[in-house]
Amino acid sequence: MNQHDLLNITYANAETARVEMDRLLKGRKRNYSLPRPLYNDPHMFRIEMEEIFQKEWLFVGMTSEVPKKGDYFTLEVGQNPVLIIRDGDGQVRAFHNTCRHRGSRLCSAERGKVANLVCPYHQWTYDLKGNLLFAGSDMGTTFDKSEHGLNPAHCRTAGGFIFVCLGEEAPDDMAPLLATLDEYMEPYDMENTKLAVETHIVEDTNWKLVIENNRECYHCAGSHPELLNTLLEWDDTHDPRADAEFLAHYKRQSAEWDAEGIPHEHRSHGLRNRIVRMPLREGTEVMTLDGSTGCNKLMGRIKNRQLGSMRILHLPNSWNHMQSDHVIVFRVLPISAQQTLVTTKWFVHKDAVEGVDYDVAKLRKVWDATNEQDKRLAEENQRGINSMAYQPGPYSETYEFGVINFIDWYSDKLQEHLGESAPAKNEG
């Protein structure tokens with residue numbers, strides 16, 4: 001347990017914590033930040049993991065991370081190790097990364113390549129579809145290998161994105177997003193990209209504060225000089241702050257995108273999913289420090305280097321920036337009530353040569369700086385919220401409407417799941 005968690009109240013049992021959480025959500029003031037326990041209490045954090053991160057669709061990575069048969073990568077969703085692998089038929093699959101013998105983790109490396117999946121403990125062996133191939137000769141005559149395959153997780157792919165759901169039943173609300181991703185990501189041909197570099201940052205803050213910080217640029221002018229060399233503060237083309245100069249800039253850029261058949265119109269699917277292409281500052285190409293070329297080879301069928309940034313949001317755990325010569329994806333995974341893992345990945349054309357076509361340090365510089373700045377902001381936010389003097393504060397409907405949307409989605413979704421999992425009352 002995180003040392004900060006010890007400062008929080010404890011509940012008599014899990015059901016008491018659920019009742020209190022539901023009460024706090026129902027009683028929260030709209031357009032205000034959340035009550036303190038929802039940002040720092042370990043019992044409520046566990047409920048979030050059970051009701052959101054174990055039941056909702058999560059972004060985990062990109063299909064080009066597993067380009068060939070047997071390629072895999074791993075991650076952990078709370079205490080749930082997950083394995084993503086491409087099978088012999090080219091399908092990307094997700095499994096719980098735990099052996100069906102005595103539960104050992106199968107793959108401990110962050111990424112790798114295998115012919116079959118072999119448990120390092122007792123060498124139980126599975127094929128790439130999760131079927132048990134070998135369990136030794138001493139399991140008895142009644143042992144049925146077909147009943148001991150790996151436990152799969154729901155897995156969907158679209159436009160190069162991989163999503164998983166760990167629940168027994170997956171929500172059926174992903175179809176609109178998947179269709180939009182296939183359409184909007186088509187110009188990038190993500191199957192023919194490669195991972196150039198990735199970073200991992202552990203932030204001592206609640207995962208929601210990481211997302212809240214991302215969902216507004218109210219803080220950008222005072223905190224992100226490197227980012228604002230290229231990024232325009234407007235959240236999207238519907239941003240209420242957008243001025244006439246920006247709208248004229250967008251109109252010029254979008255005409256060029258239309259001529260090239262590049263999708264750009266704002267698409268939202270509820271509060272949790274949004275895609276919109278936004279221009280960068282005039283005269284800049286991509287999110288490098290000076291806005292100049294990040295990679296000599298353009299992505300997919302793209303010809304126009306001034307493609308702006310296509311911003312893709314997927315709650316609860318991802319935002320992304322798709323540009324003309326490289327793309328950047330972000331994944332957020334909670335660790336504890338006051339600790340969060342933020343992973344950033346940069347992708348380039350698969351034929352691009354490091355040191356010739358692109359420089360990793362140049363690709364990373366802006367977002368390395370921005371991630372560190374956001375880490376400090378979110379951690380200071382957490383420390384202030386831990387104070388006994390903290391009270392929920394008002395969001396700006398103009399500058400922080402993205403945060404309002406996130407908190408509304410989180411609150412509504414959590415109450416929905418809490419209602420579904422509540423024990424039935426005895427009608428007597």
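Here is a short walk through this structure, from its overall build to its nonpolar cores.

What you see is a predicted model, where local features need pLDDT of at least 70 and side-chain atom pairs count only at pLDDT 80 or more, while totals for chains, interfaces and linings use all residues. Residues are numbered from 1 along each chain as its sequence is written, and side-chain values use heavy atoms, with hydrogens and water left out.

Let's start with the whole protein. Its secondary structure comes to nine helices and 17 strands (DSSP runs, H or I of at least four residues for helices and E of at least two for strands, numbered from the N terminus). The radius of gyration, taken over C-alpha atoms, is 23 Å, close to the 22 Å that the globule rule gives for 428 residues, so the protein is as compact as a globular protein of that length. That rule is 2.2 Å times the number of residues to the power 0.38. Of the 428 residues, 55% count as buried, meaning under 20% relative accessible area with a 1.4 Å probe, protein chains only.

Now for the inside. A nonpolar core is a set of buried Ala, Val, Leu, Ile, Met, Phe, Trp, Tyr and Cys residues joined through side-chain atoms within 4.5 Å. The largest one has 67 residues, and M21, V77, I84 and Y410 touch the most other members. Helix α9 (residues 401-421) gives the largest share, eight residues. Domain 1 (65-155) and domain 2 (175-386) both contribute too, so this core lies between them; the domain bounds come from an automatic or database assignment.

Zoom in on V77: leaving aside residues up to four places away in sequence, V77 touches M49, F53, L58, V82, L166 and L333, where contact means heavy atoms within 4.5 Å. There is also a second, separate core of 34 residues, including M62, M174, L178 and I312.

Note on methods
Buried < 20%, exposed > 50% of the residue type's maximum accessible area, 1.4 Å probe, protein only.
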